[in-house]
Amino acid sequence: MNVRFVGSFKSDFLKDKPHIVFVGRSNAGKSSLINMLVNRKVAYVSKEPGRTRFINLFELDRKLYIADAPGYGFAKVSKAEQENWKKLMENYFFECKDAISKVFLLIDSVVGPTELDKMMISWLEHLNLRYTVVLTKIDKASQREIAQTVSKLKTLTDRPIVLTSSKEGRGKRELLSFVFA
Ligand code: GDP
């Protein structure tokens, strides 16, 4: 799999290839998951200071873009920064609506869906975007926790739910089949 970092964008996003978007709470395991999917530590660039306020685009096999959106819900973030995050996402969703082919919404299987995740679900539904819920870190959760998180999610959405662990490489094949579907 060929993957290359294209750049960090706030506007004028590249739209010449379909976007596969990754969104989720900070610390949900987004970088680890992207790295697992592409077999390389590419998502570290998204963590460089300054890049966390952008949509970072990675080109995959010259066919599509992986869009790594900044995480939300980080406790230490100011109101102004929350507003900036919201503006960036609104701008991105508005500009790229037609280019977005799939959104992966990451939910930490131990933490379960938070209020902000519920808002993200409503937003994705409202925008009519095709999304898949990705439960992360299932190696850390007990069967009971996983079942609880899944049943909570089922009250919030009818979309598919994929169980993953970047640590153990679980769910990779299933996710890739969604990416290239
Ligand atoms: P991000 O902030 O959403 O990009 O999350 P990261 O990928 O940086 O992961 C946040 C923390 O969770 C790190 O300490 C990771 O090592 C850990 N983590 C990520 N994925 C997994 C996983 O599948 N299993 C376990 N046990 N820990 C994980």
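This is a predicted model: local features need pLDDT of at least 70, side-chain atom pairs count only at pLDDT 80 or more; totals for chains, interfaces and linings use all residues.
View 1. Helices (H or I, at least four residues) and strands (E, at least two) are DSSP runs, numbered from the N terminus. Thr132 counts as buried because its relative accessibility is 0%; buried means under 20% relative accessible area, exposed over 50%, and partly exposed in between (1.4 Å probe, protein chains only). Its side chain makes a polar contact of 3.5 Å with the side chain of Lys102. (A polar contact is a pair of N or O atoms within 3.5 Å; within protein, one must be able to donate a hydrogen and the other to accept it, and residues adjacent in sequence count only if both atoms are side-chain atoms.) Leaving aside neighbours within four places in sequence, Thr132 is in contact (heavy atoms within 4.5 Å) with residues including Phe104, Val162 and Phe178.

**View 2. Helix 4, residues 143–156.** From first C-alpha to last, the 14 residues of helix 4 reach 20 Å, close to the 20 Å expected at 1.5 Å a residue. That expected span is 1.5 Å times one less than the number of residues. Ile146, Thr149, Val150 and Leu153 are buried here. Looking down the axis of helix 4, the buried residues fall within an arc of 100°, so they line one face of the helix; the arc is that of the directions from the helix axis to the C-beta atoms. Why does such spacing matter? An α-helix has 3.6 residues a turn, so residues three or four places apart point the same way. Strand 5 (100–108) and helix 3 (115–126) are among the elements covering the buried residues.

**View 3. Ile146, a residue of helix 4.** Ile146 counts as buried, because its relative accessibility is 8%. Beyond its neighbours within four places in sequence, Ile146 touches Leu135, Ile138, Ala141 and Leu163 by the contact rule. Thr132 is 14 residues from Ile146 in sequence and 17 Å away in space, C-alpha to C-alpha.

**View 4. Asp117 in helix 3.** With 1% relative accessibility, Asp117 counts as buried. A polar atom of its side chain lies 2.9 Å from the backbone nitrogen of Thr114. Leaving aside neighbours within four places in sequence, the contacts of Asp117 include Arg25, Tyr72 and Gly112.

**View 5. Around the ligand.** Which residues come nearest to the ligand? Of the 14 residues around it, they are Lys30, Ser31, Ser32, Lys47 and Asp139; a residue is near if one of its heavy atoms lies within 4 Å. A polar side-chain atom of Lys137 lies 3.1 Å from a ligand oxygen atom. A backbone N or O atom of Lys167 lies 3.2 Å from an oxygen atom of the ligand. The protein covers 72% of the 570 Å² of accessible area that the ligand has on its own, with areas from the Shrake-Rupley method and a 1.4 Å probe; for residues, only the protein chains shown count as cover.

Terms used. Residues are numbered from 1 along each chain as its sequence is written. Side-chain values use heavy atoms; hydrogens and water are left out.
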